[in-house]
Amino acid sequence: MKVVHYLNQFFAGKGAEELAGLPPFRIEGAVGPGKGLEQLGLPIALTIACGDDYFGEHEDLALAELLRWLDEERPDALVCGPSFGSGRYGYACGILAREATNRGIPAVCGMDPESPGVIATEGAAYIVPTSTNVAGMRDALPSIASLAARLAAGEELAGPEEEGYLPRGLRRNERAGAVGAARAIDLLLAKLGGDTRTEVAARFDHVPPPPPLRAAGEATLALVTEAGCVPQGNPDGLPTIRAAAWLRYPIAGEHLLREGEYESVHGGFDVTAANRDPNRFVPLDAARLLEEEGRIGRLHDVFYTTTGNGTPVAVSTKFGQEIAEELRDAGVEAVILSGT
Amino acid sequence: MRLELASYPVGTLDLENAVARLEFRDPRIASVDVAVVEPGESVRLTHVLDAVEPHVKPDDPASTFPGALGTLHPAGSGRTNRIAGAAVIACADFPAEERPLHEQESLIDMAGPGAAYSRLSATTNVVLTFQPADGVGNEDFEAAVRETKLRAARDLASLTIGKEPEAVEELDYTLGGTGREGVPAVALLLQLSSLGPLYEIYLYGTTLDGFQPAPVNPLELLDGALTGGEYHWAGLRNSTYSFQNSALVRELLAGNGERFRFAGLVACRGYNQSAKDKERAAMLAAKVAGELGADGVIVTTDAGGNSHTDTMLTVRACERAGIRTVAMVAEMGGLTDHVPEADAIVSVGNAEELVPEWRPERVLGGDVLLDGRRAAEAGPVPVRNYLGAVCQMGDMDLRAVAA
């Protein structure tokens, strides 16, 4: 069994904040928490490490070097951290664990469930929940060692509740032993008897409404849509479903989107009627009126579009973050997001 | 209503002979390739539009599949002969793609790992592969296929007329149901797709566009009142076969009286077009369930995407009316929509999971998948591409769990 361990500069014994700018380095065998893992029966062949700031500021460079070492070593498993509540360290652990998993190397992290590293793994890695600080080391290591040893041995893990890792947001199919019809009746009779159970709990973000605009008459408004609205002929090839990217198109000086110049390529609804008036995808006509009437300051010069059809939540979230970042940098204060 | 369902196991009939005598005469269809495949054969069926169990009304064959094919008599009463363990499978690729159907490949594998993902992998299948006549558009071609597959199913079943069935089930059901004192009343709110051409379920041969929730006798459903014409995600949609053999209706009929009172089946449109249409349909579904005296309802889904919103709004409307609910949904990586009132959900599986690669010796229906891959070496295929794999009427035993 060959296991590689990732640490930051501090846990790798180099130093604290003053050495956070260290580029990736490697140490044969176990260091720091790795010694604890070894005592629990998980031999560490190699420790790889990086300064937290260096990883954050030069992610591509740091990742390339760390992955090159993983590619050379071809370990049976990678352990990252535990990083506890540390944001930068947790993020680096999450990204490296994700990339390792995508290369076929199973990865186990330990971190606080609120760490940004959790989202960074994108569900690819196993994360043992820890406390926010290093006081939780003793509790975290046995689970990490055990999961890593079993993954390195090629074992399949059971679900997150049984095994004690954070749900990865993945849904694995199993045979339930009874058809859905019978289970539905059982659930309904149980619920009518006061015992409410579910086979799937919702995991939705609840976005609190932002405060009202300070002064709408001075604000820049942008139009964003997931209706798949593109220039006629779809010159940039926006997919009809499962879009992997979003696009932006200029509307400066335009007063409306004309039939025959714009269309929707959305594959999830009948676009025929709205294609006759593409302003129903992107309400440019109404937004210009608001602008003329002074009810908004001005309309942003481009509109943003993608196809919101079969798009995984993680991908949609990424689109939202990327678009929001551009809008914020452009000083946009308000958005009309037309959904379909 | 009283339905006598007479079963003729496929192995007791000379199906090959009946298949050889099938005739196809429709100016909208250029040709039909016919093949019979058995479970366990190394065959993959592609571009599967629908599956139909061969049925015939022996006393009036012309009324089989009323409205969709036959003369208009209410389905669900009298005698129906069925060929048990067989299905007619209609396969076709649409000539001019006006709708983006390319992600919506529909497969049945007769062996290999995919065979666990469709009920139609376990039936003897009469596979009809249709080619359109020159110049015939999608909608006309589809209408021709829809009628022809039902005619073939009826004509094959006609083989049973005058023969002794192996078994006769006598099914009796009157709206409201029966139940001993103190058992809860349970209704089924059955969602049926109506999104537009190529995305329609047919009730007595008509789409549910504009339809508002109304009771349908469950025996009508078992007896061919509902027929398929909905070509969304193969895994999530309901074929004619899955109505004729609905596990949920069977379970509800079986439990009527002892465990609960089966108060009724309410047909509901899925894919109501506007927010107001969705709210109205949800409100009316809850109202009809209330009038049937239902204490609880099972809310099913047909296909996916915005039809899941119809499901969730129906759940909300029922719960607000004091009617307890269980929703049945397929997951597409996760839930597509949710309301807090939906606190009891049956997961019929994650449609996005990949089924391991399988290389069949033979492909019927078309050698190239809609996404351009060769069907015989397509690599792993998502669960959603297998017909009825995550049927949201609960035909299958699949379930998604956290990982």
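**View 1. A:R175 stands opposite B:L398 in β22(B).** This is a predicted model, in which local features need pLDDT of at least 70, side-chain atom pairs count only at pLDDT 80 or more, and totals for chains, interfaces and linings use all residues. Residues are numbered from 1 along each chain as its sequence is written, while chains are lettered from A and ligands numbered from 1 in the order in which they are written. Strand β7 (residues 171–175) of chain A joins β22(B) through 5 bridges. The two strands run antiparallel. Strands pair if DSSP finds at least two bridges between them. Helices (H or I, at least four residues) and strands (E, at least two) are DSSP runs, numbered from the N terminus.

**View 2. Chain B meets chain A.** Here 47 residues of chain B are in contact with 42 residues of chain A. Contact means that the C-beta atoms of two residues, placed from the backbone, lie within 7 Å. On the side of chain B that touches chain A, the elements giving two or more residues are α5 (247–255), β16, β17, β18 (345–350) and β22 (398–402). β18(B) gives the most, with 6 residues. By class, this side of chain B has 24 nonpolar, 12 polar and 11 charged residues. Ala, Val, Leu, Ile, Met, Phe, Trp, Tyr, Cys and Pro count as nonpolar, Asp, Glu, Lys and Arg as charged, and the others, Gly among them, as polar. The model scores ipTM 0.97 and pTM 0.84.

**View 3. Helix α7 (residues 306–320) of chain B is mostly covered.** Of its 15 residues, 12 are buried. A residue is buried if 20 or more other C-beta atoms lie within 10 Å of its own, exposed if 12 or fewer, and partly exposed in between; C-beta atoms are placed from the backbone. Among the buried residues of α7(B) are B:H308, B:D310, B:M312 and B:C318. The buried residues pack against β11 (185–193), β15 (261–270), α6 (275–291), β16 (296–299) and β17 (324–331) of chain B. The end C-alpha atoms of α7(B) are 21 Å apart, which agrees with the 21 Å that 15 residues should span at 1.5 Å a residue. The expected span is 1.5 Å times one less than the number of residues. Just after α7(B), B:G322 takes a positive phi of about 85 degrees.

**View 4. Helix α6 (residues 137–152) of chain A has 16 residues.** From first C-alpha to last, α6(A) reaches 22 Å, close to the 22 Å expected at 1.5 Å a residue. Its buried residues include A:A140, A:I144, A:L147 and A:L151. What covers the buried residues includes β1 (3–8), α1 (33–39) and β4 (77–84) of chain A. Just after α6(A), A:G154 takes a positive phi of about 85 degrees.

**View 5. A:L141 is found in helix α6 of chain A.** A:L141 is buried, because 23 other C-beta atoms lie within 10 Å. Leaving aside neighbours within four places in sequence, A:L141 is in contact with A:P33, A:G36, A:L37 and A:L40. A:E226 is 85 residues from A:L141 in sequence and 44 Å away in space, C-alpha to C-alpha.

**View 6. Chain B has 7 helices and 22 strands.** Buried residues make up 59% of its 403 residues. The C-alpha atoms of chain B fill a box of roughly 55 × 50 × 40 Å, taken along the principal axes. The mean pLDDT of chain B is 95, and 98% of its residues reach 70 or more. pLDDT is the predictor's confidence in each residue, from 0 to 100.
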